[in-house]
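Morning, everyone. Let me put the model up, and then I'll go through it quickly.

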Amino acid sequence: LLESAFVIDAGPIYVWLPGLVCLLWLAELIWGSARLVVTFVTGHIGATLLVAAGLTAAVELGWLAVSVSRAADVGMSYGAMAVLGSLTMALPRRWRPAWMGWFLAAGVGVVAVGRDFTDVGHAVALALGMVMSTRFGRARDWTPARFVMLGLAAAFGYLVLADTDPVVATAAGMAGAVIAECVRRASSRRRSGRTID
């Protein structure tokens with residue numbers, strides 16, 4: 001289970017490694033090494049076990065063919081998605097709803113149309129990382145360099161999440177971000193209205 005996080009089958013390393021490095025480096029700068037490792041391991045193991053339990057149930061209930069039990073589920077992507085999710089609470093408060101709306105909706109959209117259980121694993125790991133980030137406390141200051149790294153890390157995470165169907169992921173992500181932003185603004189207006197009364 002642990003070794004599978006280090007098996008690389010995602011194509012040429014020079015394509016995805018810069019994004020992965022930005023993601024991990026940014027999370028380490030913000031949360032520190034211990035939290036980075038805990039998040040990565042929790043996302044990798046947690047998503048793997050939850051997907052395995054779901055696949056077992058689906059095979060036992062006859063929803064999936066037994067051949068799916070022989071499919072390989074290896075790579076660093078579950079851990080990376082958890083680390084991406086862990087950046088949620090580190091973001092400036094104003095950005096969090098759109099960030100969460102974008103990534104959660106993109107994940108759900110891909111799962112809804114995808115035929116690959118790894119899509120479910122990516123969405124689960126992302127959600128695990130977001131939940132873990134609520135326990136990490138206050139993030140350190142953001143600098144221009146960290147914002148650049150965030151952009152590269154977010155692009156990398158999006159490409160991992162949207163691998164199965166980028167069109168659906170983009171449409172769902174945009175809808176999720178817009179809805180989340182509208183809810184944030186309405187909530188903000190309601191709070192400011194209560195303060196004035």
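A salt bridge here is a side-chain nitrogen of Lys or Arg within 4 Å of a carboxyl oxygen of Asp or Glu. One caveat before using that: this is a predicted model, where local features need pLDDT of at least 70, side-chain atom pairs count only at pLDDT 80 or more, and totals for chains, interfaces and linings use all residues. Residues are numbered from 1 along each chain as its sequence is written, and side-chain values use heavy atoms, with hydrogens and water left out.

So, salt bridges. The count comes to two. Glu-181 meets Arg-184 at 2.6 Å, N to O. Glu-181 also meets Arg-185, at 3.0 Å, N to O. Together, Glu-181, Arg-184 and Arg-185 are linked in a network. Where do Glu-181 and Arg-184 lie? Both are in helix H7, residues 166-196, three residues apart, about one turn of the helix. Helices are DSSP runs of H or I, at least four residues, numbered from the N terminus. Arg-185 is in H7 too, four residues from Glu-181.

Is Glu-181 buried or exposed? Buried, with a relative accessible area of 14%. The cut-offs: buried is under 20%, exposed is over 50%, partly exposed is in between, with a 1.4 Å probe and protein chains only. Arg-185 is partly exposed, at 43%.

Next, the core, meaning buried Ala, Val, Leu, Ile, Met, Phe, Trp, Tyr and Cys residues joined through side-chain atoms within 4.5 Å. The largest nonpolar core has 44 residues. Among those touching the most other members are Leu-23, Trp-99, Phe-103 and Phe-156. Elements giving two or more residues are H1, H2 (33-60), H3 (77-86), H4, H5 (117-133) and H6 (144-161). H6 gives the largest share, eight residues.

Take H4, residues 96-113. Its 18 residues reach 26 Å from first C-alpha to last, close to the 26 Å expected. That expectation is 1.5 Å times one less than the number of residues. Its buried residues include Arg-96, Trp-99 and Phe-103.

Last, aromatics. Rings of Phe, Tyr and Trp (its six-membered ring) pair if their centres lie within 6.5 Å; planes under 30 degrees apart are stacked, over 60 edge-to-face, the rest tilted. The whole structure has five pairs. For Trp-142 and Phe-147, the centres are 5.0 Å apart and the planes at 25 degrees, so that pair is stacked. Trp-142 counts as buried at 18%; Phe-147 is partly exposed at 31%. With Trp-95, they form one aromatic cluster.
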